[in-house]
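Reader: Before we discuss the contact between two of the chains, could you show me the sequence and the structure?

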Amino acid sequence: MENLIAPLIAAPLLGAAVLLCGGRRLDRAGHWIGTVLAGASFVIGVLLFADLLGRGAEDRTLHQHLFSWIPVGSFRADIAFQLDQLSMTFVLLITGVGTLIHIYSIGYMEHDERRRRFFGYLNLFLAAMLLLVLADNYLLLYMGWEGVGLASYLLIGFWQHKPSAATAAKKAFLVNRVGDLGLSIAIMLMFTTFGTFAFGPVLGAAGDASEGKLTAIGLMLLLAACGKSAQVPLQSWLGDAMEGPTPVSALIHAATMVTAGVYLITRSGAIFNGAPDAQLVVVVVGAVTLLFGAIVGCAKDDIKKALAGSTMSQIGYMILAAGLGPIGYVFAIMHLVTHGFFKAGLFLGAGSVMHGMNDEVDMRKYGGLRKYMPVTFVTFGLGYLAIIGFPGLSGFFSKDKIIEAAFAKGGTEGWILGGVALLGAAITAFYMTRVMLMTFFGEERWRGRETASPAEPSAEPAAEERGRHAEPHPHESPKSMTIPMVVLAFGSVFAGGLFSFGDSFVRWLEPVTGYAHGHPPISAAAVTTATVVALVIGVAVAWLMYGRVPVPVTAPRGSLLTRAARRDLLQDDFNHVVLVRGGEHLTRSLVYVDHTLVDGVVNGTAASFGGLSGRLRKLQNGYARSYAVTMFGGTAVLIAATLLMRAV
Amino acid sequence: MIALAGSLAAAASSAAAPTAAAPSSLSSSLSTSFHSSLTSSLTSVAASTTSTGEAVQFWILGTVAVLGALGTILMKRAVHSALCLAGTMIVLAVFYLANGAYFLGVVQVVVYTGAIMMLFLFVVMLVGVTAADSLKETIKGQRWLAALCGVGFGVLLIAGIGHASLNSFNGLGQANAGGNVQGLAALIFTKYVFAFEITGALLITAAVGAMVLTHRERTERLKTQRELAQERVRAGVQLPPLPAPGVYARHNAVDIAGLLPDGTPSELTVNKTLKGRGQIRDVSNEAIADLRALEQRSNERLGRAGRAGGGAGRPGGGPAGGSAGGSAGGSVRDKGEEIKR
Amino acid sequence: MNPVYYLYLASLLFTIGAAGVLIRRNAIVLFMCVELMLNACNLAFVTFARMHGNLDGQIIAFFTMVVAAAEVVVGLAIIVSVFRSRHSASVDDASLMKL
């Protein structure tokens, strides 16, 4: 079965190559080629999964060695793949959700003339992400990592005719480069420490390395994870990435890209286990991002940006769990998978809403849409219930476990982390309820109002054809879009329960990530109760603010926090002030130093030599007799020296 | 000349062997009075003093040499400097002889004083013998620096010599035993033969170099005799040879213009250079006066009178020259009378 | 008298010659001063030959004379050609190399 690993990646890669190189001849069939190849990849994944299930728990790691990539002396980099339970989980998520998003995109991108190219990019995205999770060493992982960055750049900037999209793509790419730098440094450190960067030897020998080195590697890995997973302080690209087509947002937020960071930290668990300081930093980053994303999500009126804030927050949960060590790895991955289902569902639902509302993204111009798009309403609603952790749905199981693990960290840290996680759960419930109420309930604020105001250009060029100034006629989306949403809604509802049934997911992942049962200071039942209470509070507050009273079409000024949150908690301003201004000041001061000090030394040397020469050249008056005097004087000095030496 | 003779004698007495070749025989013939000192010097291989005669000669001629040297550098005219230097060189030649270097002494006189100094004089003449240099210094501080360096150098050199232990000397008695010239020849053609050959090459190079340096490339073709003749005919000026200077063979000096038939001097007969310098003697008046006196005496003897004017005009023979001859004759007559008074 | 006095005289003549080189501007006089210096050296060589009791010093003086003759020939040729082109025998006039 090992030989099936390469085709798993090859299928979408082939799709990308064919679609991007095939030219216009493939325009009519391009989307089908892409979807079929993604589906083929999913089918191969399922076959492999079935194979793994048929093996013993310790025998579930498959290796495929294709060829030696860079054999130089003791430096060996192979194109080799490793498929274990962790990779398998990701493969199924990526290919499964990815395939659904492909299907959805067929309908969503129907009117886009560059649809073939879009599917090519989607396939490339899948291939890169599969390479990332299937790599058997960090260097190959890095290749996939960069591939993901490239594909995300191409997809976020897919509508490159919009300056905002082009800028957003550039921003995502640049912020990701910072993280990539961390990963490359981490790989170099690994090579100097362990002499290799294959997963097996590195993670096996991690226990022998000094804690300092492990901490350094861990922090660099965390930096990489922050970049890809949009964690503080490298989170700023995620909101702008909404400039891409909605399926891209779904793909980035649910199945690929942002999950890469969680995968990296979980995969490198052995390194983090040996570096408590790095783990602490991971936890702090996760907790901060959790609250950061949640607060941002509360203030956004743009439905996609609200969901983006939510993603940030949920990934924060995962990073927090991953930072907790063996008690959290499994739950991080579990939340990742369930999040993959419901967040994909939510994004696809949001796309469906936009599709029916002439690409209007401002939730204040929605309202009462449940009557017009029932399927979307139901699937979105199930995703909503799942993400807020409604008991019985998948989000409940995974999030509850993370909160429990946070408390189980122990000591003051445990209380703080648990408190933060609980607070995050309450805020999640609040903003998601807000999105739900503003979109599907309340009065129909879109009546008698043109959509997609000229101030905010249409996200989808197709909207221009349909006439953006007309009053929207909300309608249900085509089957190609609703079916994936239904499938994902099923996942959102049942995945958590399935995973938690008899701890099946824990037993599945335990051989790879390890598992330690946490002992929270308060009982699991108490944690669950607290979670539910937080959920109820969040929902209640949201209902009081947005369900009971009508939602104003123009956003009120809001409190200071709200205004800050609307501006993404000033992250861009922070970056501008600290990085851009700081960089400018640094550059200017360096230029100043260069002009005054360096040039001063250089010019001063030149000037002093020039001045000296100007004085010395007067000795060269051209008179042979003057030179003769010098020569004669020199002879006299020579004689004096000789006599002196003889006398001494 | 007395000094030279003395120096030769001193040279023979101090350093030379009795069997030395030409110089020593010359010295022995010139000065037999120093014979005793000669014998005493022969006996000592390493002496500390020389003879008194040589000391006297040294102090006298040394003073002359220094004065000559100072004259060389202080005389305004280059030709005077050259003469002063020649004097110093002759003194040095004497000192060479006194030091037993007979061959070098002669060479010094022949080559240096005779050839090189004449070359100097030749160039001085070429550049301009009358030009006097200004001794005013134009480079600022040059003279002071020169003085400082010179004094420092001289003092250091003399101090160095004084410091060295040179109290005794060997003398050239042994070395010059087979004759100075033979000794030198033996060394030059054995030990120093390569240096000698190279020196020969150097001299040839120097000769060629001097020729190259002073050679002027001809820029146009030399005109042939025929071309020159044709040019002359075309110019139409004085085709036949110029008339010779001098008057009736009474004077054949080049600085006296020849007389035309009417007695006036001809400009063509004298050299232009002499004329430019104003060195032409105008003796035609005397000659004419002499002629007139001669004619008068013959007239008196022949009993003819009052025809002096016609006599003076007769050699011209032409009707055109008559009046001119008469006037010239008149002026000569006046002069003749003045001379008589 | 010790022959070392010849050396003192040679030193004196050499110094005077050197001073002349430094003081005089006329190239011909300058050359004469160089000749004076060479002659002073020759005197020293001859005296050394006498002091050492061999003829090597005289040989050196002989070569010096030959070299001096060659030098004078070339030097005077140079002076003549310089004089021809510049109508001056002053070494200060030939100061075109200065800045």
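Reader: How much area do chain A and chain C bury between them?

Author: This is a predicted model, in which local features need pLDDT of at least 70 and side-chain atom pairs count only at pLDDT 80 or more, while totals for chains, interfaces and linings use all residues. Residues are numbered from 1 along each chain as its sequence is written, and side-chain values use heavy atoms, with hydrogens and water left out. Buried area here is the accessible area (1.4 Å probe) that two parts lose on being put together, summed over both. Of the area buried by chain A and chain C, 65% lies on carbon and sulfur atoms, and the total is about 990 Å².

Reader: Which residues of chain A lose the most area to chain C?

Author: Chain A brings 9 residues to the contact (heavy atoms within 4.5 Å) and chain C brings 13 residues. On the side of chain A, 58% of the buried area comes together from the three that lose the most, namely Tyr623(A), Arg625(A) and Phe632(A).

Reader: Which residue forms a salt bridge with Arg625(A)?

Author: A salt bridge is counted when a side-chain nitrogen of Lys or Arg lies within 4 Å of a carboxyl oxygen of Asp or Glu, and the count between chain A and chain C is 1. The closest N and O atoms of that pair are 2.7 Å apart, and the partner of Arg625(A) is Asp92(C).

Notes. Chains lettered and ligands numbered in written order. Contact = heavy atoms within 4.5 Å.
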